[in-house]
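Reader: I'm new to this one and would like to learn how to read it. Could you walk me through it, a feature at a time?

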Amino acid sequence: MSIWVTLEMEVAKGKFGELELFLAERLPAVRGFDGALSVTVYYDEETRSQLIAEEWLSKAHHASYIQAISENGVMAQLVSFMTAPPKVQYFKRLVI
């Protein structure tokens, strides 16, 4: 059964344009990473809140992805657009 991962963050003032370009360049690699099923990005201009909702085959697949982007510097680049590191949560879909 797959898992859902949410990343909640606040974009630093004046950084959204750069972030949007960064994500446009990087999201194809995320979507192509082993175990990634989907990635959707949401943004609220009024609060500068961003939500990234991802579906992965497993938490281990997502952990491998996080390790890879931490080692290659992509995570540091992403965090540079934020006021703080993202809040990451894992969810299992309930079948009811």
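This is a predicted model: local features need pLDDT of at least 70, side-chain atom pairs count only at pLDDT 80 or more; totals for chains, interfaces and linings use all residues.

Reader: Which sense does the pairing of β1 and β4 take, and over how many bridges?

Author: That pairing is antiparallel, with 6 bridges. One place to look is leucine 7, whose bridge partner in β4 is valine 88.

Reader: And what about β2 and β3?

Author: They pair in the antiparallel sense too, over 8 bridges. Tyrosine 42 stands opposite leucine 51 in β3. The hairpin of β2 and β3 has 4 residues between the strands, and arginine 48 there takes a positive phi near 60°.

Reader: In what order do the strands of the sheet come?

Author: The order is β2-β3-β1-β4, in an open sheet of 4 strands with antiparallel pairing. β2 and β4 (87–92) stand at the edges with a single partner strand each, so one side of each has no neighbour in the sheet. On average, neighbouring strands of this sheet are turned by 15° against each other, direction ignored.

**Helices on the sheet**

Reader: Which strands does α1 touch where it packs on the sheet?

Author: α1 touches β2 and β3, and its direction makes about 170° with that of β2. α2 packs on the sheet as well, touching β1, β3 and β4. The direction of α2 makes about 125° with that of β3.

Reader: How do I read a helix by itself?

Author: Start with the general idea: an α-helix has 3.6 residues a turn, so residues three or four places apart point the same way. Now try it on α1, where the buried residues are Leu19, Phe22, Leu23, Leu27 and Val30. Among the parts that cover these buried residues are β2 (36–44), β3 (49–56), α2 (59–71) and α3 (74–79).

Reader: How far does α1 reach, and where does it bend?

Author: Helix α1 (residues 16–32) has 17 residues and reaches 24 Å from its first C-alpha to its last, close to the 24 Å expected. The bend is about 40°, at arginine 26, and proline 28 follows within four residues.

**Two residues up close**

Reader: Is threonine 6 buried or exposed?

Author: With a relative accessible area of 15%, threonine 6 is buried, because buried means under 20%. In a regular strand the side chains alternate between the two faces of the sheet. Threonine 6 has its place in strand β1. Not counting residues up to four places away in sequence, threonine 6 touches Leu51, Ile52, Lys87, Val88, Gln89 and Phe91.

Reader: Where is lysine 15, then?

Author: Look in the loop between β1 and α1. Lysine 15 counts as partly exposed, at 28% relative accessibility. Leaving aside neighbours within four places in sequence, lysine 15 is in contact with Ser80 and Phe81. Lysine 15 and serine 80 are 65 residues apart in sequence and 9.1 Å apart in space, C-alpha to C-alpha.

**Rings that pair**

Reader: What should I look for in aromatic rings?

Author: A pair of aromatic rings is described by the distance of the centres and the angle of the planes. The count here comes to 5 aromatic pairs. For phenylalanine 33 and tyrosine 65, the ring centres are 5.1 Å apart and the planes are at 75°, so the pair is edge-to-face. Phenylalanine 33 lies in the loop between α1 and β2, and tyrosine 65 in helix α2, so the pair ties together parts that are 32 residues apart in sequence.

Reader: What kind of pair do tryptophan 56 and tyrosine 65 form?

Author: A tilted one: 5.4 Å centre to centre, with 35° between the planes. Ring pairs link Phe33, Trp56 and Tyr65 into a cluster.

Notes. Residues are numbered from 1 along each chain as its sequence is written. Side-chain values use heavy atoms; hydrogens and water are left out. Helices (H or I, at least four residues) and strands (E, at least two) are DSSP runs, numbered from the N terminus. The expected span of a helix is 1.5 Å times one less than its number of residues. The bend at a residue is the angle between axes fitted to the seven residues ending there and the seven starting there. Buried means under 20% relative accessible area, exposed over 50%, partly exposed in between (1.4 Å probe, protein chains only). Contact means heavy atoms within 4.5 Å. Two strands pair if DSSP finds at least two bridges between them. Axes are lines fitted to C-alpha atoms, for helices over the stretch in contact, and angles run from 0 to 180 degrees between N-to-C directions. Rings of Phe, Tyr and Trp (its six-membered ring) pair if their centres lie within 6.5 Å; planes under 30 degrees apart count as stacked, over 60 as edge-to-face and the rest as tilted.
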